[in-house]
Amino acid sequence: MSSTTTSNSIDQAKTNSGGKGVELQNAVIRFAGNSQDGIQTIGGLLARLAGRSAREVMTYMTIPATISGGPSIFQVHLGSGEVLSAGDESDFLFAFYQHSYDNHISSLRAGGICIYDSDEVKEIQADRNAVHVALPLTSTVVEVLGGSARDRGKNIFVLGLVTQMFKLDREKIVGLISKQFGGKSEDVLRNALLAFDAGYAYPIGNLLSEDFVMQEGRGAQVDKVTTDGNTALVMGLLAGGVRYGAAYPITPWSSIMEQLRTELPKYGGLLVQAEDELAAVSTAIGFAYSGHLAVTGSSGPGLSLKMEALSYATMAELPLVVVNVQRGGPSTGMPTSVEQSDLLQAIYGSHGDCPRIVLAPKNVADCFYIAVEACRLAKEYSCPVFILSDMALSSRIEAFEQPDLAEFVHEHPLDLSARDTSFKPYPLDGRTHHAPPGSVMQGEKYPVVTGLEHDEWGHPSANPANHQKMTDRRRDKIKACATTLPLPEVYGDESGDALLIGWGSTWGPIREAVGRLNESGKKVAAMHFRHLHPMPNGLEEVFARYKHVIVIEMNDEGLYGYGQFATLLRARYCDPKIVSVCKTDGLNYKVRDIVTRVEERIANS
Amino acid sequence: MSTTAEAPKRLTKKELTADHPTWCPGCGDFAVLAAFFKVIEKLQIPHEKICTLAGIGCSSRFPYFVNSHGVHFLHGRTLAFATGVSLSRPDLHVFAFGGDGDGYSIGGNHLDHIARKNVNLTYVVMDNFVYGLTKKQTSPTSPIGFKSKTDPTGAIDQPVNPMKKLVYGGATFVARTHAAQVKHMMDMFERAILHPGFSVVEVLSECVVFYPGAFDAANPRKGGEFETIDEKTGDGTPEDEARHDITDDVAAYRLAAQEFPGKFGVFYQAERPTKNDLEQKWIDASRAKTGNASAKDLLSARFDAMK
Ligand SMILES: Cc1ncc(C[n+]2csc(CCOP(=O)(O)OP(=O)(O)O)c2C)c(N)n1
Ligand code: SF4
Ligand SMILES: [Mg+2]
């Protein structure tokens, strides 16, 4: 990756490109308005454009807590090199209202450019180190489209403006607009194109002292897939062979179940909207018992409701994929904020000794790959497999290369073959592969699948020796899974001051922080975990090469000063050099925060 | 549900019998099991297609005593589990069993929802008006005044009326029987199994340990009276006018309001599309629309749309 990939890169990346304008390697553009203004739409279109221009992109948005809408932002980080975070600060701010200006002007970097709707924003902080550009957005759009359509047109006008300012590919953007609005009435598309052209032609150049050009991407010119984490996860589940599911709506999980409800019938399967999460997980386990690969999922509170049934799935050894799109907790908490505070629940949240597998995707593309892997592991180890995504991953948009479907599409056909007399559902010397109902049992002894402790044949048994053996069996198969897991890549110095450990959506910012710390002479590296339980073996040898092992998480340090994954690592390795960097403010880590806190950690010990 | 006549080998009680039931001697649930065996024997459902599911409770141990594919699931969640089995496996005959606590208390909400969705399966409730397995706590059907460990001076909360709950919930076959009336019970089971959709049979099944004599009032051998429902035959006679119309939910509700022990028989039966059929229609239409494309082609097309 290029170490110049920082949000403040305009200055660093400026090259004099002979009258063409200032070349930007990357730019962070923040649109601040109300959700009704459709700023998500333009953000999404820009992200997609990036996907078609071999550029990297990452987006970040806030969703208003109320349904009627309200203040909302969409931030797009476009880059011609690797883009790992949504950007700590913005280079450009488009402020639609006074409140947008007031709340977001501080996100603009020193010397950044703020374009504001002068029909709405009446007070600006002129003493700020920023370039202020007044643009009568509302009245201009009224002129173009007429009064009734102006609310719909402001966003697309701004998109035209951005296309002009950054010399983006007009043709491609118009194509994307046509694709987006083409399905609606002709009027809608015509108005959109009118607004776009007006923005594209607006003489903004007179108001700016500089001209900008976005560098084309350096990668191969293939059209990338541009989508959000929840959608990528759905695609992964479908590719991994999930054909049935059951769920109950909750933010930010809902869009996964909504998509599955529409998509699964196309694959001959089905998603059931259940009356609550207790029913959802039970119905999903019913699908699993019937011989299918099934999914259930939720966020925060919904996962708590599923815990009893998930311990059943461990005990009965039924395969199940369980998705938790984590949000701020406890309780209803902060439904539209990001947090990683459900790790220990995923691992230990059910009653009894209840081992299961827990995975976490590192970015949007990885939501696809992790889901495919979860499907495979659920089948192979006949147990629940958790996918811990989060609010940030669920909604942010990234561009990535389409996965190789020949490699990643799997089917799990129903196996109703006759089982011979030697069939045991829970063999002490082997793995569970159930005989789903409908299978002829040649010994004429039919199996009962149960949550009571049982012997090899599934008969209930409270025999002390048997319980120990069966507990060993359920644990050892998960330990066997650990031996198949690769060590996570060490990114950065092979040895040195500190190893930064992360999991889930903090991958990008931690990686970027390593780049900056390396630049400032610190010998650090990052190691990112996608397999959290079981974790891979052999970590101690890697830890031994660093003075500090710093675990960076978006959860609380707890009573004893360690985050949830740090607690696990300390329990496993009893190594006092494993320490925590934690926070729970509901926001993604800024690269700068990580850099500062790692530097503090290194200095203080 | 369809019945299959040409099973390779005649299925008898012998093949259907599994472990000896662990119920207390005299428990009403023995008779329920015996009646179930007889009806299955009569209908000759292919052995491997029988699926018996249950929650937790004395009555819910049922699947251990039937030699068929079976599941002993969680307290109260059997119907949600059974929904997954029924919807994804149209080849199976799905039976769910449980007690009054399992079905009307902890699982009460699931019952309402499976009823309105009309998921195709047969549900048998062994109602003993008490929590048996946990040793005599008040159940949702315990009558006011019933002395239990949780109501030592007598229950004070109004009990659930199962027939009203089921009719209101939208179950499309609702019947009531008594474990001491094996013939009647078999008749109700058979009609329930043959009904397409969500069919429920509530069986008054005595817990001889924690609520002995609970259903004597409906047991002629104990001095009670077993009154069955006189169903309308449609013969046009004046007597027929007074008979019960099983397609009339308001009449069913009125019947359910009678004082204990009330009447036995089919309270309500309706024809309504099952969720199984409705979902299958949607699946078929979706498949047809894609031209029966493979998973790989479907995924590839959707990825293309995101470029
Ligand atoms: C979640 C949960 N809560 C409580 C219990 C304890 N429990 C087991 S059976 C039962 C009541 C059983 O009553 P009923 O369903 O009427 O069945 P019966 O034993 O009377 O046949 C209870 C409370 C449990 N197993 N699981
Ligand atoms: S306790 Fe009651 S319900 Fe349970 S087995 Fe004994 S008699 Fe039957
Ligand atoms: Mg009971």
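1. Donors, in what follows, are N, O and S atoms within 2.8 Å of the metal; water is not among the atoms, so sites may look incomplete. With that understood, the donors of the magnesium ion (ligand 3) follow the spacing D-x27-N-x1-V along the chain. The pair B:D100 and B:N128 links distant parts of the chain, the two residues being 28 residues apart. B:D100 belongs to helix α5 (residues 100-106) of chain B, whereas B:N128 lies in the loop between β4 (121-127) and β5 (130-131) of that chain.

2. The atoms concerned at this site are B:D100 (OD), B:N128 (OD1) and B:V130 (O), at 2.1 to 2.2 Å from the magnesium ion (ligand 3). B:D100 and B:N128 are both buried.

3. This is a predicted model, and its confidence should be kept in view. Chain A has a mean pLDDT of 91, with 95% of its residues at 70 or more. Residues 1-19 of chain A are a region to read with this in mind: pLDDT stays under 50 there. For that segment the model has 43 contacts beyond four places in sequence.

4. Which residues cover the two faces of β13(A)? On one side A:L320, A:V322, A:N324 and A:Q326 are buried, and on the other A:V321, A:V323 and A:V325 are buried as well. In a regular strand the side chains alternate between the two faces of the sheet. Strand β13 (residues 320-326) of chain A is largely enclosed by the rest of the structure, because seven of its seven residues are buried.

5. The partners of β13(A) can be given in turn. Strand β12 (residues 294-298) of chain A pairs with β13(A) in the parallel sense, over four bridges; here A:G297 stands opposite A:V323. Strand β15 (residues 384-390) of chain A also runs parallel to β13(A), and seven bridges join the two. In this pairing A:D390 of β15(A) is the bridge partner of A:Q326. Helix α11 (residues 301-316) of chain A, together with β12(A) and β13(A), makes a right-handed β-α-β unit.

6. Strand β19 (residues 496-503) of chain A and β22(A) pair in the parallel sense over five bridges, with A:A498 opposite A:H548. Five bridges likewise join β22(A) to strand β23 (residues 578-582) of chain A, again in parallel, and A:V549 stands opposite A:I578 in β23(A). The chain passes from β22(A) to β23(A) through helix α19 (residues 564-573) of chain A, in a right-handed β-α-β crossover.

7. Which residues of α19(A) are buried? They are A:Q564, A:F565, A:A566, A:L568, A:L569 and A:Y573. Just after this helix, A:C574 takes a positive phi of about 45°.

8. Is A:S461 buried or exposed? The relative accessible area of A:S461 is 18%, and buried means under 20%, so A:S461 counts as buried. The side chain of A:S461 reaches the backbone nitrogen of A:N463 at 3.1 Å. Leaving aside residues up to four places away in sequence, A:S461 touches A:E453, A:H454, A:D455 and A:N466.

How values were computed:
Residues are numbered from 1 along each chain as its sequence is written. Chains are lettered from A and ligands numbered from 1 in the order in which they are written. This is a predicted model: local features need pLDDT of at least 70, side-chain atom pairs count only at pLDDT 80 or more; totals for chains, interfaces and linings use all residues. Side-chain values use heavy atoms; hydrogens and water are left out. pLDDT is the predictor's confidence in each residue, from 0 to 100. Contact means heavy atoms within 4.5 Å. Buried means under 20% relative accessible area, exposed over 50%, partly exposed in between (1.4 Å probe, protein chains only). Two strands pair if DSSP finds at least two bridges between them. A crossover is right-handed if, with the strands pointing away from the viewer, the path from the first strand over the helix to the second runs clockwise. Donors are N, O and S atoms within 2.8 Å of the metal (3.2 Å for Na, K and Ca); water is not among the atoms, so sites may look incomplete. A polar contact is a pair of N or O atoms within 3.5 Å; within protein, one must be able to donate a hydrogen and the other to accept it, and residues adjacent in sequence count only if both atoms are side-chain atoms.
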